[in-house]
Amino acid sequence: MKSLLLIHTGGTIAMAQDHSGHVLPNDINPLDASLPRATDIANITTRHFANLPSPHMTPDIMLRLAHFIESELTKEHYDGVVITHGTDTLEETAYFLHLTLGAPVPIVLTGAMRSSNEVGSDGEFNLITALRVAVSEAARGKGVLVVFNGEIHSAFNVTKTHTSSVDTFKSVHFGNLGMVTKDHVYLFNTPLLKQTHMVTSLSKRVAVLKVSAGMEPDLLLAVKQLGYDGLVLEVLGQGNVPPSIVDAIAELITVMPIVIVSRCFNGIVQDVYGYTGGGQQLKELGVIFSNGLNSQKARLKLMVELEINASQLELEESFRVE
Ligand SMILES: NC(=O)C[C@H](N)C(=O)O
(Lines give C-alpha, C1' and ligand atoms only; values in the text may rest on other atoms or scores of the structure.)
Protein backbone atom coordinates (compact mmCIF):
# COMPACT_ATOMS: atom_id res chain seq x y z
CA MET A 1 0.00 0.00 0.00
CA LYS A 2 1.25 3.53 -0.77
CA SER A 3 2.15 5.99 1.96
CA LEU A 4 1.02 9.61 2.20
CA LEU A 5 2.07 12.54 4.33
CA LEU A 6 -0.96 14.58 5.44
CA ILE A 7 -0.14 18.09 6.68
CA HIS A 8 -2.76 20.30 8.31
CA THR A 9 -2.31 24.09 8.27
CA GLY A 10 -5.83 25.17 9.33
CA GLY A 11 -8.67 26.92 7.53
CA THR A 12 -12.41 26.31 7.43
CA ILE A 13 -11.78 22.59 6.87
CA ALA A 14 -10.49 22.50 10.44
CA MET A 15 -13.13 24.78 11.91
CA ALA A 16 -16.65 24.43 13.33
CA GLN A 17 -19.63 26.74 13.61
CA ASP A 18 -20.41 27.83 17.17
CA HIS A 19 -23.89 28.37 18.67
CA SER A 20 -23.92 31.98 17.46
CA GLY A 21 -23.20 30.86 13.89
CA HIS A 22 -19.62 32.11 13.79
CA VAL A 23 -16.98 29.78 12.33
CA LEU A 24 -13.90 29.30 14.51
CA PRO A 25 -10.83 27.00 14.60
CA ASN A 26 -11.29 23.66 16.32
CA ASP A 27 -9.04 22.45 19.13
CA ILE A 28 -9.11 18.99 17.62
CA ASN A 29 -8.95 18.70 13.84
CA PRO A 30 -12.30 17.16 12.78
CA LEU A 31 -10.55 15.52 9.84
CA ASP A 32 -8.80 13.10 12.17
CA ALA A 33 -12.21 11.43 12.53
CA SER A 34 -12.41 11.06 8.73
CA LEU A 35 -9.17 9.17 8.35
CA PRO A 36 -10.66 5.72 9.06
CA ARG A 37 -12.54 6.20 5.77
CA ALA A 38 -9.18 6.58 4.00
CA THR A 39 -7.49 3.43 5.24
CA ASP A 40 -8.06 1.75 1.86
CA ILE A 41 -6.31 4.63 0.05
CA ALA A 42 -2.92 4.71 1.75
CA ASN A 43 -0.96 4.51 4.98
CA ILE A 44 -1.27 8.08 6.23
CA THR A 45 1.15 9.96 8.48
CA THR A 46 -0.42 13.13 9.87
CA ARG A 47 1.45 16.28 10.85
CA HIS A 48 -0.25 19.29 12.47
CA PHE A 49 1.98 22.03 11.01
CA ALA A 50 -0.35 24.91 11.99
CA ASN A 51 -3.98 25.72 12.73
CA LEU A 52 -4.33 29.09 11.02
CA PRO A 53 -7.20 30.82 9.31
CA SER A 54 -5.52 31.28 5.94
CA PRO A 55 -5.77 35.10 5.98
CA HIS A 56 -3.10 34.66 8.68
CA MET A 57 -0.83 32.76 6.25
CA THR A 58 2.30 34.69 5.19
CA PRO A 59 5.09 34.12 2.63
CA ASP A 60 7.45 33.38 5.51
CA ILE A 61 5.12 30.67 6.85
CA MET A 62 4.77 29.30 3.29
CA LEU A 63 8.59 29.11 3.14
CA ARG A 64 8.70 27.31 6.50
CA LEU A 65 6.09 24.87 5.16
CA ALA A 66 8.20 24.27 2.04
CA HIS A 67 11.28 23.56 4.15
CA PHE A 68 9.19 21.31 6.44
CA ILE A 69 7.96 19.27 3.47
CA GLU A 70 11.51 18.99 2.10
CA SER A 71 12.71 17.77 5.48
CA GLU A 72 9.90 15.23 5.92
CA LEU A 73 10.45 13.86 2.41
CA THR A 74 14.13 13.29 3.18
CA LYS A 75 13.36 11.53 6.47
CA GLU A 76 10.78 9.07 5.23
CA HIS A 77 9.58 7.74 1.88
CA TYR A 78 6.14 9.06 0.91
CA ASP A 79 4.36 8.54 -2.39
CA GLY A 80 2.55 11.87 -2.07
CA VAL A 81 1.69 14.80 0.17
CA VAL A 82 -1.74 16.26 0.96
CA ILE A 83 -1.99 19.65 2.63
CA THR A 84 -5.21 21.00 4.14
CA HIS A 85 -5.39 24.79 4.07
CA GLY A 86 -7.82 27.69 4.30
CA THR A 87 -9.20 28.66 0.91
CA ASP A 88 -8.62 32.43 1.10
CA THR A 89 -4.87 32.09 0.40
CA LEU A 90 -4.76 28.44 -0.67
CA GLU A 91 -3.81 29.33 -4.25
CA GLU A 92 -0.86 31.40 -3.01
CA THR A 93 0.58 28.65 -0.82
CA ALA A 94 0.01 26.12 -3.60
CA TYR A 95 1.80 28.33 -6.11
CA PHE A 96 4.63 29.15 -3.69
CA LEU A 97 5.26 25.41 -3.21
CA HIS A 98 4.99 24.96 -6.99
CA LEU A 99 7.67 27.66 -7.41
CA THR A 100 10.06 26.44 -4.74
CA LEU A 101 9.53 22.68 -4.33
CA GLY A 102 8.19 21.65 -7.69
CA ALA A 103 6.70 18.35 -6.73
CA PRO A 104 9.14 15.45 -6.39
CA VAL A 105 6.00 13.47 -5.55
CA PRO A 106 2.39 14.65 -6.03
CA ILE A 107 1.67 17.53 -3.67
CA VAL A 108 -2.04 18.25 -3.38
CA LEU A 109 -3.72 21.07 -1.48
CA THR A 110 -7.36 21.10 -0.47
CA GLY A 111 -9.73 22.76 1.98
CA ALA A 112 -13.40 23.37 2.56
CA MET A 113 -15.95 26.12 2.08
CA ARG A 114 -18.23 24.84 4.86
CA SER A 115 -16.89 24.03 8.31
CA SER A 116 -16.97 20.58 9.83
CA ASN A 117 -20.37 20.74 11.56
CA GLU A 118 -22.27 22.72 8.94
CA VAL A 119 -24.97 21.15 6.76
CA GLY A 120 -23.32 19.99 3.52
CA SER A 121 -19.81 20.31 4.90
CA ASP A 122 -17.39 19.61 2.04
CA GLY A 123 -14.21 19.03 4.05
CA GLU A 124 -14.30 15.25 4.29
CA PHE A 125 -15.16 14.83 0.60
CA ASN A 126 -12.33 17.15 -0.43
CA LEU A 127 -9.85 15.43 1.89
CA ILE A 128 -10.67 11.91 0.67
CA THR A 129 -10.59 13.10 -2.95
CA ALA A 130 -7.25 14.82 -2.45
CA LEU A 131 -5.79 11.66 -0.90
CA ARG A 132 -6.99 9.63 -3.89
CA VAL A 133 -5.35 12.06 -6.31
CA ALA A 134 -2.09 12.16 -4.35
CA VAL A 135 -1.63 8.38 -4.65
CA SER A 136 -2.58 8.24 -8.32
CA GLU A 137 0.20 7.66 -10.85
CA ALA A 138 -1.47 10.19 -13.16
CA ALA A 139 -0.77 12.97 -10.65
CA ARG A 140 3.00 12.53 -10.86
CA GLY A 141 4.96 15.17 -12.77
CA LYS A 142 2.08 17.67 -12.79
CA GLY A 143 3.56 20.14 -10.28
CA VAL A 144 1.60 21.18 -7.21
CA LEU A 145 -2.11 20.50 -7.53
CA VAL A 146 -5.30 21.81 -5.94
CA VAL A 147 -8.15 19.32 -5.57
CA PHE A 148 -11.53 20.76 -4.71
CA ASN A 149 -15.14 19.77 -5.33
CA GLY A 150 -14.09 16.83 -7.52
CA GLU A 151 -11.84 18.90 -9.80
CA ILE A 152 -8.05 18.84 -10.18
CA HIS A 153 -6.28 22.15 -10.84
CA SER A 154 -2.72 23.28 -11.45
CA ALA A 155 -1.32 25.62 -8.79
CA PHE A 156 -0.33 27.92 -11.68
CA ASN A 157 -3.83 28.48 -13.07
CA VAL A 158 -6.20 27.95 -10.15
CA THR A 159 -7.87 30.81 -8.31
CA LYS A 160 -10.69 31.29 -5.80
CA THR A 161 -13.62 32.76 -7.75
CA HIS A 162 -16.55 32.70 -5.29
CA THR A 163 -16.79 33.81 -1.66
CA SER A 164 -19.03 30.96 -0.48
CA SER A 165 -19.68 28.35 -3.19
CA VAL A 166 -18.16 24.87 -2.78
CA ASP A 167 -17.37 25.16 -6.51
CA THR A 168 -15.20 28.22 -5.91
CA PHE A 169 -11.88 27.10 -7.41
CA LYS A 170 -11.56 27.58 -11.16
CA SER A 171 -8.57 27.48 -13.51
CA VAL A 172 -7.84 30.25 -15.96
CA HIS A 173 -6.48 29.70 -19.49
CA PHE A 174 -7.01 26.04 -20.37
CA GLY A 175 -9.16 25.08 -17.38
CA ASN A 176 -8.76 22.31 -14.84
CA LEU A 177 -6.27 19.49 -15.32
CA GLY A 178 -8.70 16.74 -14.44
CA MET A 179 -11.51 15.40 -12.32
CA VAL A 180 -12.25 12.73 -9.76
CA THR A 181 -15.25 10.45 -10.04
CA LYS A 182 -16.49 7.83 -7.59
CA ASP A 183 -14.08 5.25 -8.96
CA HIS A 184 -11.45 7.07 -11.00
CA VAL A 185 -8.91 9.92 -11.07
CA TYR A 186 -8.75 11.53 -14.52
CA LEU A 187 -5.87 13.81 -15.50
CA PHE A 188 -6.44 15.06 -19.03
CA ASN A 189 -4.01 17.99 -19.10
CA THR A 190 -0.34 18.39 -18.24
CA PRO A 191 0.96 21.84 -17.25
CA LEU A 192 4.30 23.00 -18.64
CA LEU A 193 6.59 22.99 -15.59
CA LYS A 194 9.36 25.56 -15.24
CA GLN A 195 12.50 25.49 -13.16
CA THR A 196 11.91 25.72 -9.40
CA HIS A 197 14.02 27.77 -7.00
CA MET A 198 14.20 26.95 -3.30
CA VAL A 199 15.26 29.90 -1.17
CA THR A 200 16.43 30.07 2.43
CA SER A 201 14.78 33.40 3.23
CA LEU A 202 12.44 36.00 1.77
CA SER A 203 13.95 39.42 2.27
CA LYS A 204 12.47 41.35 -0.65
CA ARG A 205 9.23 43.33 -0.45
CA VAL A 206 6.95 43.39 -3.47
CA ALA A 207 3.89 45.65 -3.60
CA VAL A 208 0.69 44.92 -5.54
CA LEU A 209 -1.44 47.75 -6.95
CA LYS A 210 -4.66 47.48 -8.93
CA VAL A 211 -4.99 49.99 -11.77
CA SER A 212 -8.36 51.73 -12.23
CA ALA A 213 -9.69 54.40 -14.58
CA GLY A 214 -8.01 57.76 -14.02
CA MET A 215 -5.70 56.33 -11.33
CA GLU A 216 -3.47 58.97 -9.76
CA PRO A 217 0.34 58.47 -9.66
CA ASP A 218 0.82 59.10 -5.93
CA LEU A 219 0.36 55.47 -4.86
CA LEU A 220 3.05 54.32 -7.30
CA LEU A 221 5.44 56.98 -6.04
CA ALA A 222 4.66 55.88 -2.47
CA VAL A 223 5.93 52.40 -3.39
CA LYS A 224 9.32 53.98 -4.14
CA GLN A 225 9.31 56.18 -1.04
CA LEU A 226 8.47 53.17 1.15
CA GLY A 227 11.51 51.33 -0.20
CA TYR A 228 9.82 48.38 -1.87
CA ASP A 229 12.01 46.13 -4.03
CA GLY A 230 9.46 45.39 -6.75
CA LEU A 231 5.92 46.14 -7.92
CA VAL A 232 3.17 44.05 -9.48
CA LEU A 233 0.58 46.11 -11.33
CA GLU A 234 -2.85 44.69 -12.14
CA VAL A 235 -3.37 46.63 -15.34
CA LEU A 236 -6.35 47.22 -17.62
CA GLY A 237 -7.39 44.75 -20.29
CA GLN A 238 -4.66 43.28 -22.48
CA GLY A 239 -1.90 45.36 -20.85
CA ASN A 240 -2.75 49.08 -20.68
CA VAL A 241 -2.74 51.87 -18.10
CA PRO A 242 -4.20 55.40 -17.88
CA PRO A 243 -1.85 58.16 -19.15
CA SER A 244 -1.96 59.61 -15.59
CA ILE A 245 0.47 56.98 -14.27
CA VAL A 246 2.86 56.53 -17.21
CA ASP A 247 5.41 59.05 -15.86
CA ALA A 248 5.30 57.43 -12.41
CA ILE A 249 5.94 54.03 -14.01
CA ALA A 250 8.85 55.49 -15.96
CA GLU A 251 10.31 56.89 -12.71
CA LEU A 252 9.69 53.73 -10.68
CA ILE A 253 11.18 51.36 -13.23
CA THR A 254 14.56 53.05 -12.83
CA VAL A 255 14.77 51.69 -9.27
CA MET A 256 12.77 48.44 -9.29
CA PRO A 257 11.30 45.80 -11.61
CA ILE A 258 7.64 46.21 -12.47
CA VAL A 259 5.62 43.14 -13.48
CA ILE A 260 2.21 43.63 -15.07
CA VAL A 261 -0.70 41.17 -14.99
CA SER A 262 -4.21 41.84 -16.24
CA ARG A 263 -7.06 42.64 -13.86
CA CYS A 264 -9.20 40.51 -16.21
CA PHE A 265 -10.03 37.05 -14.87
CA ASN A 266 -8.63 35.35 -17.96
CA GLY A 267 -6.15 35.95 -20.79
CA ILE A 268 -2.60 37.32 -20.84
CA VAL A 269 -1.06 40.78 -21.14
CA GLN A 270 0.61 41.72 -24.45
CA ASP A 271 2.12 44.83 -26.02
CA VAL A 272 -0.75 45.27 -28.48
CA TYR A 273 -1.84 48.89 -28.14
CA GLY A 274 0.30 51.81 -29.36
CA TYR A 275 -1.51 54.75 -27.67
CA THR A 276 -0.23 56.58 -24.55
CA GLY A 277 -0.36 54.07 -21.69
CA GLY A 278 -0.78 51.17 -24.10
CA GLY A 279 1.17 47.95 -23.79
CA GLN A 280 3.68 48.98 -26.47
CA GLN A 281 4.75 52.01 -24.40
CA LEU A 282 4.99 49.89 -21.24
CA LYS A 283 7.15 47.35 -23.08
CA GLU A 284 9.46 50.14 -24.26
CA LEU A 285 9.74 51.39 -20.66
CA GLY A 286 10.99 47.92 -19.62
CA VAL A 287 7.90 46.65 -17.83
CA ILE A 288 7.83 42.84 -17.50
CA PHE A 289 4.77 41.18 -19.02
CA SER A 290 3.59 38.26 -16.90
CA ASN A 291 2.55 34.92 -18.29
CA GLY A 292 -1.01 34.73 -17.11
CA LEU A 293 -0.42 34.70 -13.37
CA ASN A 294 -2.74 36.72 -11.16
CA SER A 295 -1.22 39.52 -9.08
CA GLN A 296 -1.01 37.60 -5.80
CA LYS A 297 0.96 34.80 -7.47
CA ALA A 298 3.10 37.19 -9.54
CA ARG A 299 4.06 38.91 -6.26
CA LEU A 300 5.31 35.61 -4.79
CA LYS A 301 7.17 34.79 -7.98
CA LEU A 302 8.86 38.21 -8.04
CA MET A 303 9.79 37.84 -4.34
CA VAL A 304 11.50 34.50 -5.06
CA GLU A 305 13.20 35.74 -8.24
CA LEU A 306 14.53 38.85 -6.47
CA GLU A 307 15.76 36.66 -3.61
CA ILE A 308 18.00 34.83 -6.09
CA ASN A 309 19.04 38.16 -7.68
CA ALA A 310 17.46 37.54 -11.06
CA SER A 311 18.47 40.16 -13.64
CA GLN A 312 15.96 42.07 -15.78
CA LEU A 313 16.57 39.64 -18.63
CA GLU A 314 16.18 36.62 -16.34
CA LEU A 315 12.96 38.12 -14.98
CA GLU A 316 11.59 38.66 -18.48
CA GLU A 317 12.39 35.04 -19.36
CA SER A 318 11.01 33.71 -16.09
CA PHE A 319 7.70 35.53 -16.51
CA ARG A 320 7.39 34.70 -20.21
CA VAL A 321 4.29 32.76 -21.27
CA GLU A 322 4.83 29.08 -20.49
N1 LIG B 1 -13.01 28.36 3.32
C2 LIG B 1 -12.00 28.85 4.01
O3 LIG B 1 -11.09 28.14 4.41
C4 LIG B 1 -12.02 30.34 4.23
C5 LIG B 1 -11.31 30.78 5.49
N6 LIG B 1 -11.57 32.21 5.68
C7 LIG B 1 -9.80 30.57 5.42
O8 LIG B 1 -9.22 30.89 4.39
O9 LIG B 1 -9.20 30.11 6.37
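Here is a short tour, from the overall build down to the core.

## Ground rules

This is a predicted model, so local features need pLDDT of at least 70, side-chain atom pairs count only at pLDDT 80 or more, and totals for chains, interfaces and linings use all residues. Residues are numbered from 1 along each chain as its sequence is written, and side-chain values use heavy atoms, with hydrogens and water left out.

## Overall build

The protein has eight helices and 16 strands; these are DSSP runs numbered from the N terminus, with helices being H or I of at least four residues and strands being E of at least two. The C-alpha trace spans about 60 × 45 × 35 Å along its principal axes.

Of the 322 residues, 53% count as buried, meaning under 20% relative accessible area with a 1.4 Å probe, protein chains only. Among contacts (heavy atoms within 4.5 Å) with a separation of 6 or more, 74% join residues 24 or more positions apart.

## The cores

A nonpolar core here is a set of buried Ala, Val, Leu, Ile, Met, Phe, Trp, Tyr and Cys residues joined through side-chain atoms within 4.5 Å. The largest has 50 residues, and Ile 69, Ile 83, Leu 97 and Leu 109 have the most contacts inside it. Elements giving it two or more residues include strand E1 (3-8), helix H1 (59-75), strand E5 (80-84) and helix H2 (90-100).

Look at Ile 83: beyond its neighbours within four places in sequence, its contacts include Ile 7, Leu 65, Ile 69, Leu 97 and Leu 109. There's also a second, separate core of 27 residues, with Ala 42, Val 108, Val 133 and Val 147 among them.
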